[in-house]
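Biologist: Before I rely on any of the labels attached to this model, I would like to go through them with you and hear how each one was reached.

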Amino acid sequence: RHGSGKGEDSFKTSPFHLDLWFYFTLQNWVLDFGRPIAMIILPLEWFPLNKPSAGDYFHMAYNVITPFLLLKLIERSPKTLPRSMVYVSIIVFVMGASIHLVGDSVNHRLIFSGYQHHLSVRENPIIRNLKPETLIDSFELLYYYDEYLGHSMWYIPFFLILFIYFTGCFTPVAEESRMPVAALLLVGPSSLYYWYLVTEGQIFILYIFTFFAMMALVMHQKRKGLVLDSNGLFLFYSFSITLLLIAAWVAWLWNDKILRKKYPGVIYIPEPWAFYTLHMNNLHAAKESL
């Protein structure tokens, strides 16, 4: 059934999924962006350093809710999509997000001990004095699981599923290629979250390749007389505005010598939390000393 008889599905239309996109945006902001904020602002005595923080519980909820929303999004596609690829992607997504949960939990709790995210592991004052020195290797391994392996297994399936869904967001009816008011209201918060996701997750290459693939697909389908429906436009505009936000972020911090040292590569995109521990923490300390 999945492999045939669905040519006509390409011409079915799907209304704007206000409920799903709203839930996506809300839980992304609360459960993902809000994780470290909740950890920092809530009293430490409520969540001792040797126990999971409030942010960890946010992360656990995110790891359950997001795969469910992704599956519901795929189910609503007017086109039958490769289910096996979707299911494997969801499995890898959950594995990667769970790996990230552990690494991120420890790394963010280290902030209370003076860990500075704008410095590398070995350059951090609380790490470089550890004895024996092999303990530093363990912290670097933790950082690898958090920032590299966890992020890769989390974000690659996430963007892949969004792109797979995007391939079904085309219609031959030009009148259906417009965004309702609800979509226009959500596109701003959605774009801002993707900016955070790309910059904090250091996944610009993955994001830009996904965006280019979306652009190429749009041009290819346009030759067939097909245009994006409201859901496709919402995703496409969200990714487009995200690129503008990233460009503004990089331009603002272009001459920051300390962040330049941590991100020396050709692609210079500082992490928001590195900016926070470098500049905002210093600002808070200066206010407390007055």
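Modeller: Let us begin with glutamine 202, which sits in the loop between H6 and H7; please keep in mind throughout that this is a predicted model.

Biologist: Why is glutamine 202 called partly exposed?

Modeller: Its relative accessibility is 36%, and because buried means under 20% and exposed means over 50%, glutamine 202 counts as partly exposed.

Biologist: What makes the phi of glutamine 202 worth a remark?

Modeller: Most residues other than glycine have a negative phi. Glutamine 202, a residue other than glycine, has a phi near 55 degrees, which is a positive value. A positive phi is also found just after H7, at about 85 degrees, but there the residue is glycine 225.

Biologist: And what kind of peptide bond leads from lysine 131 to proline 132?

Modeller: That bond is cis, with omega near -5 degrees, and proline 132 lies in the loop between helix H4 (125-128) and H5. Most peptide bonds are trans.

Biologist: How many cavities of 30 Å³ or more does the model contain?

Modeller: The count comes to four, and the largest cavity has a volume of about 140 Å³. What makes such a space a cavity, whereas a pocket is open, is that a 1.4 Å probe fits inside but cannot get out.

Biologist: What surrounds the largest cavity?

Modeller: It is lined by 16 residues, and Arg35, His100, Asp104, Tyr196 and Glu200 lie nearest its centre. H1, H3, H5 and H6 each give at least two residues to this lining, and the largest share, four residues, is that of H5. Sorted by class, the lining of the largest cavity holds six nonpolar, four polar and six charged residues.

Biologist: How do you know that the length of H7 agrees with what a helix should span?

Modeller: The expected span is 1.5 Å times one less than the number of residues, so the 20 residues of H7 should span 28 Å, and with the end C-alpha atoms 29 Å apart the two values agree. H2, with 22 residues, reaches 32 Å from its first C-alpha to its last, close to the 32 Å expected.

Biologist: Which residues of H7 are buried, and what do they pack against?

Modeller: Tyr207, Ile208, Thr210, Phe211, Met214, Leu217 and Gln221 are buried in H7, and the buried residues of this helix pack against H5, strand S1 (170-171), H6 and H8. In H2 the buried residues include His59, Tyr62, Leu69 and Leu73, and what covers the buried residues of H2 includes H1, H3, H5 and H6.

Biologist: Finally, which residues have the most contacts inside the largest nonpolar core?

Modeller: Trp21, Leu235 and Phe239 do, in a core of 62 residues. Several helices each supply at least two residues of this core, among them helix H1 (18-41), helix H3 (83-109) and helix H8 (230-252). Apart from it lies another core, of six residues, including Val121 and Tyr143.

Key:
Residues numbered from 1 in each chain as written. Predicted model: local features only at pLDDT ≥ 70, side-chain atom pairs only at ≥ 80, totals over all residues. Heavy atoms only, no water. Core = buried A, V, L, I, M, F, W, Y, C linked by side-chain atoms within 4.5 Å. Buried < 20%, exposed > 50% of the residue type's maximum accessible area, 1.4 Å probe, protein only. Contact = heavy atoms within 4.5 Å. 1 Å grid on protein atoms, 1.4 Å probe; cavity = no way out; pocket = protein on both sides within 12 Å on 5 of 7 lines; lining within 4 Å. Points joined across faces, edges and corners; volume = space filled by probe spheres on them. Nonpolar A, V, L, I, M, F, W, Y, C, P; charged D, E, K, R; others polar.
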